[in-house]
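Good morning, and thank you for coming. Please look at the structure on the screen before I describe it.

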Amino acid sequence: MKKLSNKALRTASCALCALALLVASGRATLAASTYPDRPITIVVGYPAGGSVDLNGRVVAETLAKKIGANVVVENLGGAGGTIGAQKVIRAKPDGYTLLVGSLNEIVIASLVNPAVKYNGVTDLQAIGLIGDQPLVLAASKETDIKNTADLVNVAKSDNSDSYSYGSSGVGTSLHMAGEMLNAETQAKFLHVPYRGVAPLVTDLTSGRLPLGVFALSSALPQIQSGQITAIGVTSAKRSSFASDIPALAENPALKAMDISVWFGLFAPKGMPEAVVKKLQISLQQVLADPAFQEKYRTTGSNVMHTQPELATFFQAEHNKFKKLAETAHIATGRP
């Protein structure tokens, strides 16, 4: 048998590599053309009943109808949503494992916690935003803060450090909103982290805590019953969900206040472009569905009818919260 030259061997090897790539490409194209042909799992990194979980469930219900496959929600709570995010980052990029995630685990977590080794902005494929919800700053009925004017007066006084505000944990968007308030007014309000919203509500309604930051939907029952006083929402404009509550930014001293918790649909990096496109089109169909919009409104969030340029949006969010974490001296993870 004639021995092949090194050049011939290299040529044959290259041909085999090219054939393998062609076969793999063909398989990916076929998979994308038949997608989805089995159930899709949406991972939610929080227990059932919270705002992210509600987003996941209302999206899953309508997405199943639009994309033509069963869509199930898997709650994988723990570590502020980061366990669920990590599972999706590591999942096979075939479109069958998705994440409904929020500002906390996508942007903030890796900035404030060095133990978080992923970067949600670069390690996940953003399919699109679903909606957003403002936070609300509320005051105990026992305090002398009744409106934004009172808040600014106290913030600028020498004894602002005698006032504290509660949130559902260090490094959460609620904590960041309180620190943005400190940064804008040069106040020294003390942060008191709680293990969830329930104990925070208890201390605020009893008068043991002067101020608290909540997701708007979480605080509305106590606000509407008169147990606590709504000072203002943290978004730049009022929420259509509770238009009688002013925006903190309406006060000139707080005009830069602008934090909303947003929710989005994400996937592992490296999915076939055709699968990404199908998911994006299906998500837009979900957001345009009147029945979905009506149900989504009950979660206290606003539907993201118009999508921003996602790369620009996430980079701006990263920059904003990185600066805020540094100003507030919260441990910063990633550069």
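**Surface, a buried residue and the cores**

The protein chain exposes about 15700 Å², of which carbon and sulfur atoms supply 56%; accessible areas come from the Shrake-Rupley method with a 1.4 Å probe, and for residues only the protein chains shown count as cover. This is a predicted model, in which local features need pLDDT of at least 70 and side-chain atom pairs count only at pLDDT 80 or more, while totals for chains, interfaces and linings use all residues. Residues are numbered from 1 along each chain as its sequence is written, and side-chain values use heavy atoms, with hydrogens and water left out.

The protein chain has 12 helices and 10 strands, which are DSSP runs numbered from the N terminus (helices: H or I, at least four residues; strands: E, at least two). Of its 335 residues, 49% count as buried, meaning under 20% relative accessible area with a 1.4 Å probe, protein chains only.

Let us turn to one residue. Gln-133 lies in strand S4, residues 124–140. Is Gln-133 buried or exposed? Gln-133 is buried, because its relative accessible area is 2%. Its side chain makes a polar contact of 3.1 Å with that of Ser-301; such a contact is a pair of N or O atoms within 3.5 Å, where within protein one must be able to donate a hydrogen and the other to accept it, and residues adjacent in sequence count only if both atoms are side-chain atoms.

Finally, the largest nonpolar core has 83 residues. A nonpolar core is a set of buried Ala, Val, Leu, Ile, Met, Phe, Trp, Tyr and Cys residues joined through side-chain atoms within 4.5 Å.

Technical notes. Buried < 20%, exposed > 50% of the residue type's maximum accessible area, 1.4 Å probe, protein only.
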